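Visitor: I would like a close look at a single part of this model. Please take me through the aromatic rings.

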Amino acid sequence: MDLSVYEDYAETLEALDDEMRFEYLLDIAKKKRGEPFPEEAMGDAHLMHGCMSRVWIIHDIADDRHYFRGHSDAAIVKGLVAMMTDSFSGLTTAELAQITLDHVRRLNLGALTTQRQVGMMAMLKHIQKLAGARPGIQAA
Amino acid sequence: MTAIPAIREMPARGRNTYDPAVVRADFPILSRTVYNKPLRFLDNGASAQKPQSVLDALQNSYAREYANVHRGAHFLSGAATEAYEGVREKAAGLLNAPGPDTIVFTKNVTESINLVACSWAEAHLSAGDEIVITEMEHHANIVPWQLLRDRKGVVLRVAPVEDDGSFDLDRFAALLTERTKLVSVTHVSNVLGTVVPVAEVTRLAKTVGACVLIDGAQGIVHQPVDVQAIGCDFYAFTGHKLYGPTGVGILYGRSDRLEAMPPWQGGGDMIDSVSFEQTVYAEPPMRFEAGTPPFVQAIGLGAAIDYVQALGMEAIGAHEHALRAHAFDVLRDVPGVRLIGEAPDKAAIMSFVVDGLHSLDVGAILDRQGIAVRVGHHCAQPLMARMGIESTVRASMALYNTAEEIDALAAGIRHAQKLLG
Ligand SMILES: Cc1ncc(COP(=O)(O)O)c(C=O)c1O
């Protein structure tokens with residue numbers, strides 16, 4: 001499967017120290033200002049529950065591949081959401097089901113607190129669910 | 001074998017100058033760094049740090065005086081029981097309560113409030129009776145009454161706060177009727193810092209014969225408290241916000257109230273005699289302390305009470321008052337910062353929002369600079385709704401904070417604005 005975007009993020013993060021990772025995350029969030037999230041998608045239907053800030057994720061399918069876009073009202077969370085949606089867009093249902101906690105951990109690293117690590121895991125579960133790709137609950 | 005530290009000398013009573021540098025040296029954690037930056041701990045409203053004397057008391061209790069209380073016919077049990085029971089007197093002293101029998105140990109203020117709800121209110125309230133709380137309550141002083149409402153059909157009335165966070169005494173008074181059986185209010189708002197005029201509230205509540213419970217979680221830490229002068233029936237606080245250990249809280253109850261209350265949990269320690277036909281309950285306060293209590297934590301709380309008493313609650317209050325005034329000055333100076341809660345009578349708890357920035361981001365950027373604050377709704381969602389916000393950043397000061405730390409906070413906010421701008 002093509003995880004090149006994911007690999008780029010992971011390698012960049014690995015090369016940075018804690019302080020710089022933090023600023024990198026904010027930079028990702030700032031870059032996303034250039035791709036505004038559709039106003040009409042910022043409703044309850046796309047809201048991911050259980051976060052300290054609000055997170056919206058929208059899901060599209062093209063050629064049997066899943067594409068995600070996300071947004072949050074907090075910049076740090078927006079950076080995390082962007083890493084997740086960029087990294088795991090373009091995968092098939094079967095590929096998406098293979099993404100695990102270990103993948104997410106590489107996007108996480110030291111700069112982020114455990115609380116946010118939990119948030120990232122919840123995000124993975126959420127996009128897998130949107131795509132019908134939760135391991136174990138997949139249609140045969 | 002490791003040497004057991006001697007119990008440390010208490011700071012001298014009546015020290016006539018309050019020197020934060022000296023006080024800080026009593027708190028080992030304050031000398032650590034986070035992310036290679038000095039720790040600036042401004043999240044005391046959630047839980048305060050512990051002085052060495054509290055840590056020593058815990059160590060001493062486990063290392064030298066540990067045995068179950070009230071039970072053993074031996075030296076150590078006697079020593080632990082004496083130390084534990086001694087803390088009732090210290091707590092009574094701190095609150096100016098009439099005696100140790102008015103002090104019930106709980107695990108935190110939340111449990112203290114639930115005790116009143118499940119024992120006193122359960123026994124004495126019926127459908128249609130009214131409970132008055134305020135808009136600025138912590139969830140701990142809302143949800144137990146909602147549970148009671150669902151069990152018994154009591155009615156919950158909510159006294160409003162003004163836009164600046166002040167408590168509105170007139171609108172509170174207007175809610176009181178002959179059906180008001182309980183007034184349960186916070187002493188100090190954990191979000192706004194507002195000091196509720198609890199003596200006045202109690203006086204008004206008494207005109208309709210209502211019982212008064214005060215949530216002193218934030219009240220006990222910032223100023224002297226005298227439950228007899230206030231005239232309240234119950235006063236609850238939690239040990240960990242008063243520089244003591246987690247796991248222990250206090251409920252002060254007026255003797256006649258406690259005596260008229262049934263037990264709420266059953267087990268060992270709360271009985272006089274048990275047979276399968278009939279059990280005779282112990283007198284208060286033991287009636288409300290089923291099972292082995294958190295006696296080590298209580299002994300730690302005793303050391304914390306000694307510590308603040310030695311510094312003097314007036315002196316602590318004066319120091320924090322100066323910090324609050326300084327915080328007002330420097331935070332108002334940062335463009336884009338909006339203070340939430342500017343009541344004239346306010347403890348050193350500063351909540352604010354920053355224009356265009358999410359509290360979570362502000363908190364995270366401050367964290368990277370070693371500045372610990374809390375962000376979110378602070379377990380007071382109805383208050384957030386009232387103020388028309390979803391979350392705040394909260395800097396809550398303690399006896400060891402300094403003006404320099406508040407300057408660092410202001411600089412940190414400016415840094416966040418630059419990074420996220
Ligand atoms: C006003 C107020 N009441 C109740 C509580 C609950 O305290 P605890 O969790 O120790 O029971 C807090 C602290 O979180 C508080 O600030």
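How many aromatic pairs does a search of the whole structure find over all chains?

Guide: The search finds ten aromatic pairs over all chains. Rings of Phe, Tyr and Trp (its six-membered ring) pair if their centres lie within 6.5 Å; planes under 30 degrees apart count as stacked, over 60 as edge-to-face and the rest as tilted. This is a predicted model: local features need pLDDT of at least 70, side-chain atom pairs count only at pLDDT 80 or more, and totals for chains, interfaces and linings use all residues. Residues are numbered from 1 along each chain as its sequence is written, chains are lettered from A and ligands numbered from 1 in the order in which they are written, and side-chain values use heavy atoms, leaving out hydrogens and water.

Start with F27(B) and Y400(B). Their rings sit edge-to-face, 4.7 Å centre to centre, with 65° between the planes. This pair links distant parts of the chain, 373 residues apart. F27(B) lies in the loop between α1 (20-24) and β1 (33-34) of chain B. Y400(B) lies in the loop between β17 (392-396) and α15 of chain B. Helices (H or I, at least four residues) and strands (E, at least two) are DSSP runs, numbered from the N terminus. Both F27(B) and Y400(B) are buried, that is, under 20% relative accessible area (1.4 Å probe, protein chains only).

Now turn to Y243(B). Its ring and that of Y400(B) have centres 6.0 Å apart and planes at 75°, so this pair is edge-to-face. Y243(B) is in the loop between β9 (234-238) and β10 (249-253) of chain B, 157 residues from Y400(B). Y243(B) is buried.

Finally, the cluster: ring pairs link F27(B), Y243(B), Y307(B) and Y400(B).

Definitions and conventions. Buried < 20%, exposed > 50% of the residue type's maximum accessible area, 1.4 Å probe, protein only.
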